[in-house]
Each structure stands twice: as structure tokens, then as C-alpha cells.
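Have the model open in your viewer, with the sequence panel beside it. The tour goes from the whole chain to single side chains.

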Amino acid sequence: MNKQEFVLALRILHNVFYNEPLQQYIDTIRDNQVLSLWSSVDDLDIIRTACDEINHSIAADGFEKIKRDYYRLFLGPGPVFAYQNGSVYTDRENLLFGDTTMKFKSFCDRYVEMELDCNRPPDHLGLMLAILAELFEAEMEEQVDEILTKHLMPWGPRMLSLVIENANTDYFKGFAILSSRLLNELVSSRNIKVEELELYF
């Protein structure tokens, strides 16, 4: 992937995970071949299978089932299968606005121009992907490395694995696989080492 493709792919994933599904956005994914962006990522057979599953899910499951799966996985009601906020994983008591949230907020205050919702924890997977895209596009290389190694990748793979394990639709399972492969490719291509944190969820 070149820089422009990475940025576009990250923004697609931001919309998938940060926002409640919208029919219009799902139609855009179906009609505009956006999944072809992943064609140059490693493990091409896995990528092709994930893309096929996403497209099949859009056709077979339909908008309402995909929307229900979003709430089931990420919001509730009922038990949440894959919390999208990092401190749920890194905090011993699985709290929102935990210590790692505050560290990421400090990072955002220093480097991020994007306006953040003060009522939502900033360490949300979808928001982090948007911020990563912004930093990547601005060629803020040190900050790209920092968000990957210190703020996102210590817990992101765990969250994505829970989506893969628990999704009722291949739409979210497929996008979790694409997210995982894309982030792994970024880490590998930049030759950086992810900090190890103890996870509690």
C-alpha cells in the first residue's frame, strides 16, 4: 500500500467501527470496490476471503442484521462482546477513562487537530484509526509510531480478536480481519516494537 491507500483504508475502518451502521455507507462499500485497497496487503488469500465474506454478508444478512450485530458486539443492551475503548482492556477494573485513556488524551492534546467529543473516551478504536490516518497523512512519523506502539496496538489486536470470535455477521468479522492485517502491516513496515501491557478483558 502507498500512503494514500493506507490513509483511505484507515478512514474506511474508522467509519465501520466508530459510527452506527448506515445503509448509505454499506451501499458505498458494496458499490465502489473499496475493499480492493487491501489487495496489496500480506496474506492475500486471507484478505480475499475476508473481502468475499463482507460482500456476501452485505447481500445475505442485510442492513438490519448488520446494525443489530453492531449493537450486540459493541454497545449492548446485554453483555458487550468487544468493547472498543482501550482502558477496558488495560485497566484492572475494566474502567472507561482509565489511566491509558488519560495518556492518550494527553497525546491528542499535543498533536491532534481533530475536534474530539469531550463526552466520549478518546481511546476508541474507530477514533484512533481516524487520528492515525490524520497523522499519517500529515507525515508526522514519530507520532504515527507513538500511537501504534503505545496507544493502539497494545490492546487493539485483543479487541479485534473478540470481534472475529463473536460476530454474528461476516461483515464485522471480515472488517476485523482487514483491520488486524492492515495494522500488522503498518507495524511491520515501520520496524517498530509494540509496548506490552497486561490486559484484563
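Colour the whole chain by accessibility to begin. In this predicted model, buried residues account for 48% of the 201 residues. The cut-off for buried is under 20% relative accessible area.

**The fold**

You will find 10 helices and zero strands. Along the sequence the pattern reads α-α-α-α-α-α-α-α-α-α. The radius of gyration is 16 Å, close to the 17 Å from the globule rule for 201 residues, so the protein is as compact as a globular protein of that length. Draw a box along the principal axes: the C-alpha atoms fill roughly 40 × 40 × 30 Å.

Next, consider the contacts. Take those between residues at least 6 apart in sequence; 72% of them join residues at least 24 apart.

**Stop one: Leu96**

Select Leu96. Where does it sit? Leu96 lies in the loop that runs between α5 (86-90) and α6 (99-111). Is Leu96 buried, partly exposed or exposed? Its relative accessible area is 45%, so Leu96 counts as partly exposed.

**Stop two: Tyr111**

Move on to helix α6 and select Tyr111, which belongs to that helix. Tyr111 is partly exposed too, at a relative accessible area of 26%. Show its surroundings, leaving aside residues up to four places away in sequence. Tyr111 then touches Leu135, Met140, Gln143 and Glu146.

How far apart are Tyr111 and Ile54 in space? From C-alpha to C-alpha the distance is 34 Å, with 57 residues separating Tyr111 and Ile54 in sequence.

**Stop three: Arg190**

Go to helix α10, residues 170-190, and select Arg190, which is part of this helix. Which side chain makes a polar contact with the side chain of Arg190? Glu141 does, at 2.6 Å. Display both side chains and check the pair.

Now widen the view around Arg190. Again set aside residues up to four places away in sequence. Besides Glu141, Arg190 touches Phe136, Val144, Asp145 and Leu148.

Notes
Residues numbered from 1 in each chain as written. Predicted model: local features only at pLDDT ≥ 70, side-chain atom pairs only at ≥ 80, totals over all residues. Heavy atoms only, no water. Helix = DSSP H or I, 4+ residues; strand = E, 2+ residues; numbered from the N terminus. Polar contact = N/O pair within 3.5 Å; in protein donor to acceptor, adjacent residues only side chain to side chain. Contact = heavy atoms within 4.5 Å. Buried < 20%, exposed > 50% of the residue type's maximum accessible area, 1.4 Å probe, protein only. Rg over C-alpha atoms; globule rule 2.2 N^0.38 Å.
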